[in-house]
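Hi everyone, thanks for making time today. Let me put the sequence and the structure up on the screen, and then we can walk through them together.

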Amino acid sequence: MTEAPARRTPGTPCWVSLIVHGLTTTQEFYGSLFDWEFLPGPDQLGPYVRGLLHGAEVAGIGQLPPDRHLPIAWTTYLASDDADATAEAVRSCGGTVAVGPLDAGDAGRLAIASDPGGAVFGIWQGSDHLGTMTAGVPGTPVWNELVTRETSMVAKFYQTVFGYATEAVLSADFDYQTLQLAGVPVAALHGVGHALPRDRGPHWMTYFEVADTDLATARVVELGGRVLQPPREASSGRLATVADPEGAVFTLVRPSGSDAFGR
């Protein structure tokens, strides 16, 4: 098991969380799919639990108030040393801050923002809680990717706010840029043009590592989820895009090797 670094460089994806209507049933789904156990977390935004794999925190799940009907989606959090300054940079670069910055107890300080294209992401200034504490094993987030119409304009936003360097994949039919910190890819921007789902718009996609993509995809269906894109081979590994019972979309991946996703 690979331990994640203690303090994340600003801009590094450091946590993923999901806010749902049925907290108990969602815990049952992800617990069965990824072998997660759960412990209570900060409840400043309502009931909230952290998913643990072999005792290490990997993701969070919260509950929406009954009167709120927001899209159910995994949120990627990007590390910050100063959530307030990062939120101000988001605003000044054409993005929007919808929640916070606010304190999550002693765990840290957070904000929920969206880029100029409307893709939602989190900002996390860790204190007691630094983020996902294990990586490189099945059941852990392994990659985060912005799915958007085209990457050139939104790349400037993320470069300015978080200081990323970008590297484009040179292909006539593939609009893809990696976001890099200290020369290491930490996330990516994927422009899909008119293939962007009309009901979702630009969004951040979380990839979870699995030991067997086909078996995990079948398990999603058994547990009440659905398959959006069946298992397929890609340069990074064998992928499948699925949704949980409340419709939160994520990608399952069996990485192709130790160099997949820049790790």
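Helix α2, residues 83-92, lies across β7, β8 (108-114) and β9 (120-126), with contact meaning heavy atoms within 4.5 Å. The helix runs at about 175 degrees to β7; axes are lines fitted to C-alpha atoms, for helices over the stretch in contact, and angles run from 0 to 180 degrees between N-to-C directions. Helices (H or I, at least four residues) and strands (E, at least two) are DSSP runs, numbered from the N terminus.

A word on the source: this is a predicted model, where local features need pLDDT of at least 70, side-chain atom pairs count only at pLDDT 80 or more, and totals for chains, interfaces and linings use all residues. Residues are numbered from 1 along each chain as its sequence is written, and side-chain values use heavy atoms, with hydrogens and water left out.

Now the sheet. It is open and mixed, with 8 strands in the order β3-β4-β5-β2-β6-β9-β8-β7; two strands pair if DSSP finds at least two bridges between them. β3 (37-40) and β7 (96-104) stand at the edges with a single partner strand each, so one side of each has no neighbour in the sheet. Further in, β2 (residues 13-20) and β5 (residues 56-63) run parallel, joined by 4 bridges. There, Ile19 stands opposite Gly62 in β5.

Finally, helix α3, residues 151-162. Its buried residues (under 20% relative accessible area, 1.4 Å probe, protein chains only; exposed is over 50%, partly exposed in between) include Val154, Phe157 and Val161. The face turned away from that buried side carries exposed Met153, Lys156 and Thr160. After α3 comes Gly163, with a positive phi near 80 degrees.
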